[in-house]
Amino acid sequence: MMGRELRRRCPWANVNDREIVYHDKEWGVPVHDDRLLFEFLILEGAQAGLSWDTILNKRENYRNAFAGFDPKKVACFGRNERARLMKNPGIVRNQLKIESAISNASAFLAVWREFGSFDRYIWQFVGGAPRQNRRRTMRQVPASTPESDAMSKDLKMRGFRFVGSTICYAFMQATGMVNDHLISCFRYREIQS
């Protein structure tokens, strides 16, 4: 990949081409589409204890297995769909993660009904606008923040699972609620503007 040598990126994004594309095109870009927010919520929960690269490798399989991340469809998954998911080698076959994805779809819809959109609800944790951090090294990037703590606490209160503070902070990074590109990364300024 030509851009690999020419552009300075966050160090975690130089593992393989898939991570480079994800870093360069998606990570940290503000997301306001409810379906995509649901996708990231499920994928970040699936990542717990695994590498993000593992989840990126399985992302298309997740999209197929979870009805294109349509929360209305996923919330209706019954015993047959659960059994199918447990046999699907293209996703992480962890019963707790699969069950949480399905129950999170119901909780997601409840939030949607209360707030008019999940977007309106979730962005309140950063005051409606991305937080522009100025990190120079990966060591300065926290695993969680007071905002992710508050998000986690509120999501759990609403019945969500696999939404600890660290998962919530990873979700915030992925969906552009915070800009955690290092200031030396070419994407830092692009995301900022």
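These notebook entries record what I looked up in a predicted model of one protein chain.

**Entry 1: overall dimensions**

I began with the extent of the chain. Along the principal axes, the C-alpha atoms occupy a box of roughly 50 × 35 × 25 Å. I then compared the radius of gyration with the value for a compact globule: for 193 residues that value would be near 16 Å, and the chain has 17 Å, so the two agree.

**Entry 2: secondary structure**

I counted the elements next and found 11 helices and 2 strands. Read from the N terminus, their order is α-α-α-α-α-α-α-α-β-α-α-β-α.

**Entry 3: burial, contacts and surface**

I looked up how much of the chain is covered. Of the 193 residues, 49% are buried. I also checked the range of the contacts: among those with a separation of 6 or more, 64% join residues 24 or more positions apart. For the accessible surface I noted about 9600 Å², with 52% of it belonging to carbon and sulfur atoms.

**Entry 4: the nonpolar core**

Which residues have the most contacts inside the largest nonpolar core? I noted Phe66, Phe118, Ile122, Met151, Phe160 and Phe171, in a core of 51 residues. At least two residues of this core come from each of H3 (34-47), H4, H7 (95-115), H8 (118-122), H9 and H10.

I then followed Phe118 in detail. Leaving out residues up to four places away in sequence, I recorded contacts of Phe118 with Asp34, Leu37, Leu41, Phe108, Val111, Trp112, Leu155, Phe160 and Phe171. Two of these partners, Phe160 and Phe171, I had already listed for their contacts inside the core.

**Entry 5: positive phi angles**

I examined two residues that have a positive phi although neither is a glycine: Ala67, at about 50°, and Phe162, at about 55°.

Where is Ala67 found? I placed Ala67 in the loop between helix H4 (52-65) and helix H5 (71-75).

Phe162 is in the loop between helix H9 (146-157) and helix H10 (165-174).

**Entry 6: charges**

Finally, I looked up the charges. The chain has 31 positive and 21 negative charges. How far apart are the mean positions of the positive and negative charges? I noted a separation of 2 Å between these mean positions.

Conventions:
Residues numbered from 1 in each chain as written. Predicted model: local features only at pLDDT ≥ 70, side-chain atom pairs only at ≥ 80, totals over all residues. Heavy atoms only, no water. Helix = DSSP H or I, 4+ residues; strand = E, 2+ residues; numbered from the N terminus. Core = buried A, V, L, I, M, F, W, Y, C linked by side-chain atoms within 4.5 Å. Buried < 20%, exposed > 50% of the residue type's maximum accessible area, 1.4 Å probe, protein only. Contact = heavy atoms within 4.5 Å. Rg over C-alpha atoms; globule rule 2.2 N^0.38 Å. Areas by Shrake-Rupley, 256 points an atom, 1.4 Å probe, with all protein chains shown as cover. Lys, Arg positive; Asp, Glu negative; His and termini not counted. Charge placed at Lys NZ, Arg CZ, Asp CG, Glu CD.
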